[in-house]
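Hi everyone, thanks for coming. Please have a look at the sequence and the model on the screen, and then I'll walk you through what is in there.

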Amino acid sequence: MRSARSIADIQATLETTFGELGFEQFSYLVLRPPHGRHRPKILSTYPQDWKHRYQELDYTYIDAVHLAAGGYMFPMRWDEVYGDDRTTKKQRSVFDEAGEFGIRNGVTIPVHGPSGGVACLSISGDLESGQFERVWNHFYDDMTLLAAYTHEAMLRQSQSGESYEPIRL
């Protein structure tokens, strides 16, 4: 990731790495850019219909993992967030609806970067829960570190002016 020269390099690295582990989808999103920097947009392999629906309904403002990312230092498993007493019925409906698009059994890794910046790298797959548990537990540290490297690489590319998929926040 440190040698990535383009957003396409970053995307290819993530697709290969996560795909080998059984995670079909991922998204990288800057929730709060570092002070004085341009906001990198989103990098995602989620189904196009889901991305359109998510943006159309402004789920960024409802999504429990995105709302919690600024206050968490460690990865959040979606099943744990879903079952949390503080998660509202409306927030659970976002998880349920994502499942209709094949986005299940995931984790969001918050990344706290320079100058108060916050991003998150979410990974998911249609793995059965026991398999997800085994893979996640085995690669927890590696994926958490990969999220930090991804954030650094994406910030570096955002300074280069290279554009990628926009999202309203």
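**A walk through the fold, the cavity and the rings**

Reading along the sequence, we get the pattern α-β-β-α-α-β-α-α-β-β-α. That makes six helices and five strands for the protein. Please keep in mind that this is a predicted model.

Some overall numbers to start. The protein has 169 residues, and 48% of them count as buried. The accessible surface comes to about 8,700 Å², with 50% of that belonging to carbon and sulfur atoms. If you take the contacts between residues at least 6 apart in sequence, 70% of them join residues at least 24 apart.

Now, the empty space. Rolling a probe the size of a water molecule over the atoms shows where empty space is left. How many cavities of 30 Å³ or more does the count give? The count gives one, and the space in this largest cavity is about 270 Å³. Its lining is made of 21 residues, and those nearest the centre are Tyr46, Trp50, Tyr54, Asp63 and His66. Two or more lining residues come from each of β1 (25–32), α2 (48–56), α3 (64–69) and α5 (89–100). By type, the lining of the largest cavity splits into twelve nonpolar, six polar and three charged residues.

There is a pocket to show you as well. The largest pocket holds about 180 Å³ of space. Residues lining this pocket include Ala64, Ala68, Tyr72, Met76, Arg77 and Glu80. At least two of the lining residues are supplied by each of α3, β3 (76–77) and α4. Here the lining of the largest pocket divides into five nonpolar, two polar and four charged residues.

A pair of aromatic rings is described by the distance of the centres and the angle of the planes. The structure holds nine aromatic pairs. Take Trp50 and Tyr59: their ring centres are 5.9 Å apart and their planes are at 40°, so this pair is tilted. Are these two residues buried or exposed? Trp50 counts as buried because its relative accessibility is 4%, and Tyr59 counts as buried too, at 8%.

A second pair is Trp78 with Phe95, where the centres are 6.4 Å apart and the planes at 55°, so this pair is also tilted. The pair links distant parts of the chain, with Trp78 in helix α4 (residues 78–83) and Phe95 in helix α5, 17 residues apart. Both Trp78 and Phe95 are buried.

Back to Trp50 for a moment: together with Tyr54, Tyr59 and Phe101, this residue forms one aromatic cluster. Trp50 and Tyr54 are also among the residues nearest the centre of the largest cavity.

Last stop, Phe23. Where does Phe23 have its place? You'll find Phe23 in the loop between α1 (7–21) and β1. Phe23 is buried, since its relative accessible area is 2% and the cut-off for buried is under 20%. Which residues does Phe23 touch, leaving aside those up to four places away in sequence? Phe18, Asn105, Ile123, Ser124, Gly125, Leu127, Phe132, Val135 and Met143. The C-alpha atom of Phe23 is also separated by 7.4 Å from that of Asp126, although these two residues are 103 residues apart along the chain.

That's my tour, and I'm happy to go back to any of these views.

Terms used:
Residues numbered from 1 in each chain as written. Predicted model: local features only at pLDDT ≥ 70, side-chain atom pairs only at ≥ 80, totals over all residues. Heavy atoms only, no water. Helix = DSSP H or I, 4+ residues; strand = E, 2+ residues; numbered from the N terminus. Buried < 20%, exposed > 50% of the residue type's maximum accessible area, 1.4 Å probe, protein only. Contact = heavy atoms within 4.5 Å. Areas by Shrake-Rupley, 256 points an atom, 1.4 Å probe, with all protein chains shown as cover. 1 Å grid on protein atoms, 1.4 Å probe; cavity = no way out; pocket = protein on both sides within 12 Å on 5 of 7 lines; lining within 4 Å. Points joined across faces, edges and corners; volume = space filled by probe spheres on them. Nonpolar A, V, L, I, M, F, W, Y, C, P; charged D, E, K, R; others polar. Phe/Tyr/Trp six-rings, centres within 6.5 Å; stacked < 30°, edge-to-face > 60°.
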